[in-house]
Protein chains: 2
Amino acid sequence: MFAEFETFIRERTDLSDADIEVIRSLAIEKIVRKKESLLHAGEVCRYKMFVSKGLLRTFCTKEDGSDYILQFSPENSWTTDPESFDKLIPSVCNIDALEYSEVIMWTKEDFNYLFANIPGLKAYTQKLIVQNMYVVRQRVLSVISSTPEEKYDEFIKNYPNVFARVPLHMVASYLGVSTKTLSRIRHAQLVR
Amino acid sequence: MFAEFETFIRERTDLSDADIEVIRSLAIEKIVRKKESLLHAGEVCRYKMFVSKGLLRTFCTKEDGSDYILQFSPENSWTTDPESFDKLIPSVCNIDALEYSEVIMWTKEDFNYLFANIPGLKAYTQKLIVQNMYVVRQRVLSVISSTPEEKYDEFIKNYPNVFARVPLHMVASYLGVSTKTLSRIRHAQLVR
């Protein structure tokens, strides 16, 4: 499980073997079955997580029972609830597995240690936060300005490996579009 | 104009007088009249900007001529197009002034110098990026999950000092709700 992470991080940083070994020594490997939860809203998110295999979902449930998906996390991506993790406050979101997944986790204490002692990891993490900000800003813009058709096309273009693996109602709940609208769009595209 | 910035930054950091003096020596002070542009889509955003007075707007215009507001920046807030500024690529957004404004600007080169040489400013900037990420994630969640009524209420609660200063159609264009819907909500609230 750590092998996938090691490949991933070596491609993006110039961490030494010793650095990797320290990171490994603090990593918690976890198998998550489909539908199993990693975080419930109201709990503090105690881990920074790397998905080495599978697909996680970060979602919120409103009082009326409807779900809204903030993030899909396929293999080779990071996830956490950043505000809950950083400030040790209850999370407003849930994280669960949409497929059998393998996840590597670090506690806040351990990640802080790594962050403070491995400059290459610190630089990488900061770059990741900034890149994440670009993506989330673009997402805000898309959600407020794009038509449902544009949102659907962007999703397929940006997340082809997620699109093929999740039911349409989840794509709808990520895009903030009704499932009915998305079904209509998909049908129109299939016949055109 | 720099006085407002100095007060702001001293409240949030423990920068020395010498640090402040270096930051001041590289600052460009700019008066922006109402409706004047600071950035056109397609240009590289060359400045990190602090609004010491007034109100700026970051917005994108679609091909059909409709505007979508990504961000309002009232006094005592920062703005830039982060991806354009960081990577020197054309911006997809415009920035203009909704009121007479006073803005302090630093070029990328100068800001990089400050970032590298003033640890207190670096720590503050990194904290700001992380806080900004919390806000933008929350905004995504709100845009995809909230009803127009909830979006309107959240906006009034979170940005009372902006709400009172901008026309309703701009609030609509920030929330991703039609002006017609927002007028109906406002009317319903006024009479209840």
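Two strands pair if DSSP finds at least two bridges between them. Helices (H or I, at least four residues) and strands (E, at least two) are DSSP runs, numbered from the N terminus. The model here is predicted: local features need pLDDT of at least 70, side-chain atom pairs count only at pLDDT 80 or more, and totals for chains, interfaces and linings use all residues. Residues count from 1 along each chain as its sequence is written, while chains are lettered from A and ligands numbered from 1 in the order in which they are written.

**Exercise 1.** Work out how strand 4 and strand 5 of chain B pair.

- Start with the sense: strand 4 (residues 55-61) and strand 5 of chain B run antiparallel, over seven bridges.
- Last, burial (20 or more other C-beta atoms within 10 Å of a residue's own, C-beta atoms being placed from the backbone): six of the eight residues of strand 5 of chain B are buried, so the strand is largely enclosed by the rest of the structure.

**Exercise 2.** Describe the side of chain B that touches chain A.

- Count contacts (C-beta atoms, placed from the backbone, within 7 Å): 22 residues of chain B meet 22 residues of chain A.
- Find the contributors: strand 5 (67-74), helix 3 (82-87) and helix 5 (119-145) of chain B each give two or more residues.
- Helix 5 of chain B has the largest share, with 14 residues.

Key. Two residues are in contact if their C-beta atoms, placed from the backbone, lie within 7 Å. A residue is buried if 20 or more other C-beta atoms lie within 10 Å of its own, exposed if 12 or fewer, and partly exposed in between; C-beta atoms are placed from the backbone.
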